[in-house]
Amino acid sequence: MYAEIFHKEGFVVFEAENGVDGLDGATKNTPDVIFTGIVMPTMDGFTMMEALKKNVMTSNIPVVISSHLGREEDQQRARDLGAKAFFIRGFYTPYEIVEKVRAIFELPEYKIKFAINELDVAKMARDLRINMDFKCPKCEGDMVLAMKLVDAKNQEFSAKLVCAGCGSGRG
Ligand SMILES: [Zn+2]
């Protein structure tokens, strides 16, 4: 079920039958995130996490646990092993879980508003043929610069003009 939902939501999904299979797949595919249960045949989720930690290829891949076991000792063990999140089945809809998983490895984004008389803002508006008041043609909201943090250490961003009101991409 989750494989189908993650796939629908734009993730490339590799499925695994059990912990051993999952470990093998993680090493081969080095995914952005691993979504696992605890109770699985052959190798359980915790044993798999321990093995992932020992391999430099997989040690930094964020692991998210979804389990029907909500026991505090399981949640504690998941934290100790560095799990990024622990979802007790039934507490969130699958779509809420997908959104939370997405948020784990999506880069933070900041919306920055312009002042037209500052530095190159007017020049940029001319160059991009945007109206000088930076209003969205669809909803009259403010066009802002949505900046995604690419590299926190070097303070590098990628940026795109978007409407703060309707999210439209063209000013
Ligand atoms: Zn708009």
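**Entry 1. Strand pairing.** I count two strands as paired if DSSP finds at least two bridges between them. The model I am reading is predicted. With that rule in hand I turned to strand 5 and strand 6, which form a hairpin with four residues between them. In the turn, I noted that Gln155 has a positive phi of about 50 degrees. Strand 6 covers residues 156-163 and pairs with strand 5 in the antiparallel sense over eight bridges. One of the pairs I looked up joins Met143 to its bridge partner Cys163 in strand 6.

I then followed strand 5 to its other neighbour. Strand 4, residues 109-113, runs antiparallel to strand 5, and five bridges join the two. Here I recorded that Glu109 has Lys148 of strand 5 as its bridge partner.

**Entry 2. The whole chain.** The secondary structure comes to six helices and six strands. Reading from the N terminus, I wrote down the order α-α-β-α-β-α-β-α-β-α-β-β. The domain assignment gives domain 1 as residues 2-105 and domain 2 as residues 109-163. I found the C-alpha centres of these two domains to lie 37 Å apart.

I also looked up the dimensions. Along its principal axes, the C-alpha trace spans about 65 × 35 × 30 Å. The radius of gyration is 21 Å, whereas a compact globule of 171 residues would be near 16 Å. I noted that 16% of the 171 residues count as buried. Of the contacts between residues at least 6 apart in sequence, 50% join residues at least 24 apart.

**Entry 3. The nonpolar cores.** Which residues have the most contacts inside the largest nonpolar core? I found them to be Leu52 and Val63, in a core of 13 residues. At least two residues of this core come from each of helix 2 (19-29), strand 1 (34-36), helix 3 (45-54), strand 2 (63-67) and helix 5 (94-105). Helix 3 gives the most, with three residues.

I then listed what Leu52 touches, leaving aside residues up to four places away in sequence: Leu23, Ala26, Thr58, Ser59, Ile61 and Val63. There is also a second, separate core of six residues, among them Cys136, Met143, Val144 and Cys163.

Entry 4. I looked up the buried residues of helix 2 and found Gly19, Gly22, Leu23 and Ala26. Seen down the helix axis, these buried residues fall within an arc of 100 degrees, so they line one face. The general rule I had in mind is that an α-helix has 3.6 residues a turn, so residues three or four places apart point the same way. Strand 1 and helix 3 are included in what covers the buried residues of helix 2. On the face turned away from the buried side, I found the exposed residues Asp24 and Lys28.

**Entry 5. Two residues with positive phi.** Thr30 lies in the loop between helix 2 and strand 1. Although Thr30 is not a glycine, I read a positive phi of about 30 degrees for it. Phe134 is another such case, with a positive phi near 55 degrees in a residue other than glycine. I located Phe134 in the loop between helix 6 (121-127) and strand 5 (143-151).

Is Thr30 buried or exposed? Thr30 counts as exposed because 11 other C-beta atoms lie within 10 Å, and the cut-off for that class is 12 or fewer. Phe134, by contrast, counts as buried because 22 other C-beta atoms lie within 10 Å, where 20 or more are required.

Entry 6. Gln76 is found in helix 4, residues 72-80. I classed Gln76 as exposed because it has 11 other C-beta atoms within 10 Å. Its C-alpha atom is separated by 9.8 Å from that of Phe86, 10 residues apart along the chain.

Glu96 lies in helix 5. Glu96 is likewise exposed, with 11 other C-beta atoms within 10 Å. How far is the C-alpha atom of Glu96 separated from that of Phe114? I noted a separation of 33 Å, for residues 18 apart along the chain.

Key: Residues are numbered from 1 along each chain as its sequence is written. This is a predicted model: local features need pLDDT of at least 70, side-chain atom pairs count only at pLDDT 80 or more; totals for chains, interfaces and linings use all residues. A nonpolar core is a set of buried Ala, Val, Leu, Ile, Met, Phe, Trp, Tyr and Cys residues joined through C-beta atoms within 7 Å. Two residues are in contact if their C-beta atoms, placed from the backbone, lie within 7 Å. Domain bounds come from an automatic or database domain assignment. The radius of gyration is taken over C-alpha atoms; the globule rule is 2.2 Å times the number of residues to the power 0.38. The arc is that of the directions from the helix axis to the C-beta atoms.
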